[in-house]
Amino acid sequence: MAPTLLLDGFNLAYRSFYAIPELNRSDGFPTNALHGWVKTVWRLEDLYPDSRLLAFFDLGHDEEKSALLPEYKANRAEMPEALDRQFPRIKELSHYLGLGVAESEGIEADDLIASAAARLHGEGKEALIVSADKDLAQCIQSGVAQLLPPPTANPKLGWRTLDEAAVREKYGIRPDQVADYLALIGDSSDNIPGIAGVGPKTAAKWLQAYGDLEAILTNAGRLRPPRFQAVVTEQADQLRRNRQLTTLHPDHEVDLAPGHAEPARLRSFLEEMEMASTAREIERRYPSSS
């Protein structure tokens, strides 16, 4: 059975934007992210034929997380103006390419992806989360894996699959320990501060020894190096708050209905964006549209 691909829309759109140098329509409208988005979707379809693709986007802020930590994600720079102009068109393009598009006011895309993965797992279906974000690794289990895009700095590495064994090899922990791991070391991308001086190796060692964050707090007096014993006890409330921020919530309603490619509208869109060579691909990819 072909897996359902769950695309982290913002993560992949940013990667598309930065992967292709500045590219504009003749009137100056930027198109580099649009070019990258089409290439990404078509590449995924080539890698996973017969799979359905669903794209997930943030829509508004998560007020609950912002209430827990007012500085949550406050370190993120404003979206580049050129990408901001393209974003509505990326969603439009996604529909024409045949992707299902999911977004919900006040619910982060990560939580929607986690909910979709959990639902598919419960139905006995395979899911593949397409994103470079490490917090999504907590969703990995039997039948649910993560597909990491090629690194921008080293695209020759290609697409890589992260399953349960790969998480243990990469981080030294199980997928269900990822939220605790991030609570300990912090998550700079979301502006969540960890314990100063506690890095990935130390956090992994504690989780290997004690299992989860609560057990680490219970055994704070036994932690090594000893200098962290008092610190962990003093920062217990912060760590529990961090755990609330790093934990994804897989209990949201999410529409898993597949999209349907619209070759005629796709062609018009690509011609409007002056993406002539990409438009010529339509006949090959959608032969019934000829």
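Author: Let's start with a rule: a charge sits over a ring if NZ of Lys or CZ of Arg is within 6 Å of the ring centre and within 35 degrees of the ring normal. The model is predicted, with local features needing pLDDT of at least 70 and side-chain atom pairs pLDDT 80 or more, while totals for chains, interfaces and linings use all residues. Residues are numbered from 1 along each chain as its sequence is written, and side-chain values use heavy atoms, leaving out hydrogens and water.

Reader: What makes the charged end of Lys 91 count as sitting over the ring of Phe 57?

Author: The charged end of Lys 91 is 5.3 Å from the centre of the Phe 57 ring and sits over that ring.

Reader: How many aromatic pairs are there?

Author: Rings of Phe, Tyr and Trp (its six-membered ring) pair if their centres lie within 6.5 Å; the planes make a pair stacked under 30 degrees, edge-to-face over 60, and tilted otherwise. By this rule the model has 9 aromatic pairs.

Reader: Why is the pair of Tyr 14 and Tyr 18 called stacked?

Author: Their ring centres are 6.4 Å apart and the planes meet at 25°, so the pair is stacked. Both tyrosines belong to helix 1 (residues 9–19), and being 4 residues apart puts about one helical turn between them. Helices here are DSSP runs of H or I with at least four residues, strands are runs of E with at least two, and both are numbered from the N terminus.

Reader: Is Tyr 18 buried or exposed, and what makes it so?

Author: Buried means under 20% relative accessible area, exposed means over 50%, and partly exposed lies in between (1.4 Å probe, protein chains only). Tyr 18 has 51%, so Tyr 18 is exposed. Tyr 14, at 26%, is partly exposed.

Reader: Why is the pair of Trp 37 and Phe 57 called tilted?

Author: The centres of these two rings are 6.1 Å apart and the planes are at 35°, so the pair is tilted. The pair links distant parts of the chain, 20 residues apart: Trp 37 is in helix 2 (residues 32–47), and Phe 57 is in the loop between strand 2 (53–56) and helix 3 (63–68). Both Trp 37 and Phe 57 are buried. Ring pairs also join them with Phe 10 and Phe 87 in a cluster.

Reader: Which residues have the most contacts inside the largest nonpolar core?

Author: A nonpolar core is a set of buried Ala, Val, Leu, Ile, Met, Phe, Trp, Tyr and Cys residues joined through side-chain atoms within 4.5 Å. The largest has 35 residues, and Leu 7, Trp 37, Leu 97 and Leu 266 have the most contacts inside it. Elements giving two or more residues to this core include strand 1 (4–8), helix 4 (81–97) and helix 12 (263–272). Helix 2 supplies the largest share, 7 residues. Another core, of 27 residues, lies apart from it, with Ala 137 and Leu 207 among them.

Reader: How do you know that the span of helix 4 agrees with its number of residues?

Author: The expected span of a helix is 1.5 Å times one less than its number of residues. Helix 4 has 17 residues and should span 24 Å, and its end C-alpha atoms are 24 Å apart, so the two agree.

Reader: Where does helix 4 bend?

Author: The bend at a residue is the angle between axes fitted to the seven residues ending there and the seven starting there. For helix 4 this angle is about 35° at Phe 87, and Pro 88 follows within four residues. Just after helix 4, Gly 98 takes a positive phi of about 95°.

Reader: What makes Gln 86 buried?

Author: Its relative accessibility is 0%, so Gln 86 counts as buried. Gln 86 is found in helix 4. Taking contact as heavy atoms within 4.5 Å, and leaving aside neighbours within four places in sequence, Gln 86 touches Phe 17, Phe 29 and Asn 32, among others.
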